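Try each task before you read its solution.

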Amino acid sequence: MTAPFSNSAPATGDMPVVRLKPKANARAVRHGFPWVYANELVTDRRTKAIVPGTLAQLLDDARNPMGLVAVNPKSKIIARMIDPNPDAVIDEAWFEGRLTKALALRSRLFPDPFYRLVHAEADGLPGVVIDRFDDIFVIQPNAAWAEHLLEPLSAALRSVTGARTILKNATGRTRALEGLDDTSDVLHGALPDAPVVVPMNGARYLADLTGGQKTGLFYDQRPNHTFAANLARDARVLDVFCHVGGFSLACLAHGATSAVGVDGSAPALALAEQGAAAMGVEDRFATRKGDAFEVLADLRAEGAEFDLVICDPPAFAPGKPALEAGLRAYERVARMAAPLVAENGILGLCSCSHAADLSAFRTASVRGIGRAGRRASLIYTGFAGPDHPQLPQLAESGYLKSIFFRL
């Protein structure tokens with residue numbers, strides 16, 4: 001077995017070595033594809049014994065070095081590229097280099113320090129997500145290699161950003177696949193004693209960084225919130241799966257006459273209401289707690305009508321095995337939401353399922369709209385904001401789709 005992990009990766013000479021099979025696509029890896037699948041790697045007894053998250057030197061089938069990878073023999077993605085330099089030393093200084101580049105991009109993009117600082121592979125840190133809330137940072141180490149090197153990563157984050165507080169969020173769905181626990185922690189500073197106020201798109205959101213979903217707020221929808229908000233003046237808005245008020249508060253900030261937020265989580269709705277109060281628009285904001293499909297059915301029975309309806313559900317198709325069921329669920333959302341849209345109104349539909357590509361999601365949505373007896377014109381297609389960069393070689397990094405129709 002590999003030796004226990006220390007606060008930095010071992011020197012190259014002390015690392016395990018793993019090798020591609022002759023039929024593996026070595027060229028794709030050299031050109032930036034960050035993953036090696038289990039059927040592409042020679043998996044002898046020594047490789048199978050590697051502790052998940054161990055860093056190893058990757059060789060091609062001719063035994064030429066290709067870089068450093070994090071190995072997980074229990075995963076279909078058996079190796080993730082960490083650095084194409086086989087002699088790289090993965091220590092605090094290495095993390096500082098990655099974080100400095102990530103910070104430089106976000107500082108150019110956003111005037112305020114509220115954004116996703118690190119977006120996994122696209123920022124050169126596979127499986128690592130870091131969201132920034134001013135001087136509070138939330139790390140999701142969703143890969144074993146990052147969990148084992150969390151101390152130098154946290155130290156580098158303090159050095160590069162001057163972070164006052166660093167929290168570890170261990171709720172990521174892939175952690176169990178990496179053999180990791182679900183225990184969150186405070187890595188530096190003190191646990192926040194109240195939700196954090198996040199200014200975005202003219203709205204004020206309340207983010208629960210310790211008990212909320214994911215890291216507390218979904219920054220990825222920022223440009224799509226903007227698009228919806230620009231349509232919202234004098235509009236009646238319905239925001240389904242609203243979480244802490246993502247679309248509805250942005251619309252209210254831009255002149256919506258009213259907004260209704262629907263969610264199954266009472267704590268999320270309470271934060272949405274607090275955000276509306278902080279903006280001084282609580283008199284125009286209402287919430288309904290319950291199963292989204294049931295609430296949509298109830299609203300139709302009540303004869304409710306809205307000028308702008310947005311549905312932003314959780315991932316119905318988080319992986320390929322769930323794709324068909326997920327597409328049926330997206331179709332159902334569209335079918336049930338479309339009747340609530342006024343003539344010449346707008347319906348916005350979103351998917352964060354990487355297994356459902358844009359074409360499949362759009363087809364399911366259009367089918368649902370048609371089965372509701374409505375005709376649609378597609379007016380906007382949106383994706384995650386630029387603080388969620390996509391790795392061009394990795395289609396999965398473009399998970400978020402947002403499509404808006406005039407009905």
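**Confidence first**

The mean pLDDT of the chain is 94, and 96% of its residues reach 70 or more; pLDDT is the predictor's confidence in each residue, from 0 to 100. This is a predicted model, in which local features need pLDDT of at least 70 and side-chain atom pairs count only at pLDDT 80 or more, while totals for chains, interfaces and linings use all residues. Residues are numbered from 1 along each chain as its sequence is written, and side-chain values use heavy atoms, with hydrogens and water left out.

**Exercise 1. Describe how helix 6 packs on helix 7.**

Step 1: locate the helices. Helix 6 covers residues 222-230 and helix 7 covers residues 246-253. Helices (H or I, at least four residues) and strands (E, at least two) are DSSP runs, numbered from the N terminus.

Step 2: take the geometry. The two axes lie 8 Å apart, at an angle of about 45 degrees. Axes are lines fitted to C-alpha atoms, for helices over the stretch in contact, and angles run from 0 to 180 degrees between N-to-C directions.

Step 3: name the arrangement. That angle makes helix 6 oblique to helix 7 (under 35 degrees is roughly parallel, over 145 roughly antiparallel, 65 to 115 roughly perpendicular, and the rest oblique).

Step 4: find the residues. Asn224, His225, Ala228 and Ala229 of helix 6 meet Gly246, Phe247, Ala250 and Cys251 of helix 7, where contact means heavy atoms within 4.5 Å.

**Exercise 2. Classify the ring pair of phenylalanine 241 and phenylalanine 316.**

Step 1: the whole structure holds 16 aromatic pairs. Rings of Phe, Tyr and Trp (its six-membered ring) pair if their centres lie within 6.5 Å; planes under 30 degrees apart are stacked, over 60 edge-to-face and the rest tilted.

Step 2: the centres of phenylalanine 241 and phenylalanine 316 are 6.4 Å apart and their planes stand at 80 degrees, so the pair is edge-to-face.

Step 3: phenylalanine 241 is in the loop between strand 13 (236-240) and helix 7, and phenylalanine 316 is in the loop between strand 16 (306-311) and helix 10 (323-337), 75 residues apart.

**Exercise 3. Where do asparagine 201 and asparagine 344 sit?**

Step 1: asparagine 201, in the loop between strand 11 (196-200) and strand 12 (203-207), has a positive phi of about 55 degrees although it is not a glycine.

Step 2: asparagine 344 lies in strand 17 (residues 341-351), and its phi is near 65 degrees.
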